[in-house]
Amino acid sequence: MNQLVRAFKRCAAAGAVILAAVSLQSPSASASPLPAPEARTAAVAPVAPPVVGGTRAAQGEFPFMVRLSMGCGGALYSPTIVLTAAHCVNGSGNNTSITATAGVVDLNSSSAIKVRSTKVLQAPGYNGAGRDWALIKLASPINLPTLKIATTTQYNTGNFTIAGWGGATEGGAQQRYLLKATVPFVSDSVCNGPSSYDGDVIASQEICAGYAQGGTDTCQGDSGGPMFRKDNAGAFIQVGIVSWGNGCARPNFYGVYTEVSTFASAIASAAAGL
């Protein structure tokens, strides 16, 4: 089950999705993930809508959201760095082929801010299971609010917001408008239970969210986007990165996200040296 499910990440790249298991020694990084069976924009599966069960976000509601040209999402970690998923990129190194679009919910808006990448850093040790984070360095700053990341598990509970421009069906066209939805935290014992992923979730590195009955979830093209909530001061804080799942919004199969707090220090260190 592990090999099959993780082959289907929630990223859509030029019609194909990927399982990235590439060497970090590569001198340059490609914007397109390695071709694989069919990646999850959300994981394995048949047909599913974009942030399934979502509604359209308001302009300016989530100013840190970024759309990446390879078919993934991301969030502004800093004005010049986007935090996304490792399976959205092909290794680490110089890379000028990715375009980050920000500042709009409508990707066709003439107000969209578009900036090219200069470098990519894929999580050290990433091999397709866990460690699903990456950083993209931008050629010039995007002067919009950034999204701080959780450094402890304090906020790994309650309800989370998910957002993205993912496709309306598996393998289908991506959305023009940013959609959002709310999903609740799901414990490791439930997410890794026999009726769900049956041990495939890496509890020390991943966090689950969603509904037992299904109906609301991230999906293809949402990979790399943030899962976030409000902190005690009322500010948004990122607790997860869209990673994988069995299909989209299927009953008993929750969305699986990279647990940001686990990698907070590694992300900060990598960003400082990018």
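This is a predicted model: local features need pLDDT of at least 70, side-chain atom pairs count only at pLDDT 80 or more; totals for chains, interfaces and linings use all residues.
The protein chain contains 3 helices and 15 strands. Of its 274 residues, 57% are buried. Contacts were considered at a sequence separation of 6 or more; 75% of them join residues 24 or more positions apart. The accessible surface of the chain is about 9900 Å². Carbon and sulfur atoms contribute 53% of that surface.

The model holds 3 disulfides. Counted along the chain, the bonded cysteines follow the pattern 1-2, 3-4, 5-6. A disulfide is a covalent bond between the sulfur atoms of two cysteines.

The angle about the S-S bond is -90°, and the link is left-handed. Cys72 belongs to strand β3 (residues 72-78), whereas Cys88 sits in the loop between β4 (81-84) and β5 (93-94), so the bond ties together parts 16 residues apart in sequence. Cys72 is buried, at 0% relative accessibility. Cys88 is also buried, with a relative accessible area of 0%.

Cys191 and Cys208 form another disulfide, again with sulfur atoms 2.1 Å apart. This link is left-handed too, with -80° about the S-S bond. Cys191 is part of helix α2 (residues 188-191) and Cys208 is part of strand β12 (residues 206-209), so a helix and a strand are tied together across 17 residues of sequence. Both Cys191 and Cys208 are buried.

The remaining pair is Cys219 and Cys248, with an S to S distance of 2.1 Å. Here the angle about the S-S bond is 80°, and the link is right-handed. Both cysteines lie in loops: Cys219 between β12 and β13 (226-230), Cys248 between β14 (236-244) and β15 (255-259). The bond therefore connects parts 29 residues apart in sequence. Cys219 has a relative accessible area of 0% and is buried. Cys248 reaches 7% relative accessibility and still counts as buried, because the cut-off for burial is under 20%.

Strand β12 runs antiparallel to β11 (residues 179-186), and 2 bridges join them. Cys208 is the bridge partner of Val186 in this pairing. Strand β12 also pairs with β15, in the antiparallel sense, over 4 bridges. There, Ile207 has Tyr257 as its bridge partner.

The model also holds 3 salt bridges. Side chains of opposite charge can pair when their charged atoms come close.

Glu61 and Lys180 form one of these salt bridges, with the closest N and O atoms 2.7 Å apart. The two residues are 119 positions apart and link distant parts of the chain. Glu61 lies in the loop between β1 (55-56) and β2 (65-68), and Lys180 lies in strand β11. Glu61 is partly exposed, with a relative accessible area of 25%. Lys180 is partly exposed as well, at 23%.

Another salt bridge pairs Arg176 with Asp106, the closest N and O atoms being 2.7 Å apart. Arg176 occupies the loop between β10 (159-164) and β11, and Asp106 the loop between β6 (99-102) and β7 (113-122), so the contact ties together parts 70 residues apart in sequence. Arg176 is partly exposed at 40% relative accessibility. Asp106 is buried, with a relative accessible area of 13%.

The side chains of Asp231 and Lys148 meet in a further salt bridge, at 2.4 Å from N to O. Asp231 is placed in the loop between β13 and β14 and Lys148 in strand β9 (residues 148-149), so parts 83 residues apart in sequence are tied together. Asp231 is buried, with 9% relative accessibility. Lys148, by contrast, is partly exposed at 42%.

Asp231 makes other contacts. A polar atom of the Asp231 side chain lies 2.9 Å from the backbone nitrogen of Gly234. Leaving aside residues up to four places away in sequence, Asp231 touches Lys148, Tyr155 and Ile237.

Methods. Residues are numbered from 1 along each chain as its sequence is written. Side-chain values use heavy atoms; hydrogens and water are left out. Buried means under 20% relative accessible area, exposed over 50%, partly exposed in between (1.4 Å probe, protein chains only). Contact means heavy atoms within 4.5 Å. Accessible areas come from the Shrake-Rupley method with a 1.4 Å probe; for residues, only the protein chains shown count as cover. A disulfide is a pair of cysteine sulfur atoms within 2.5 Å. Two strands pair if DSSP finds at least two bridges between them. A polar contact is a pair of N or O atoms within 3.5 Å; within protein, one must be able to donate a hydrogen and the other to accept it, and residues adjacent in sequence count only if both atoms are side-chain atoms. A salt bridge is a side-chain nitrogen of Lys or Arg within 4 Å of a carboxyl oxygen of Asp or Glu.
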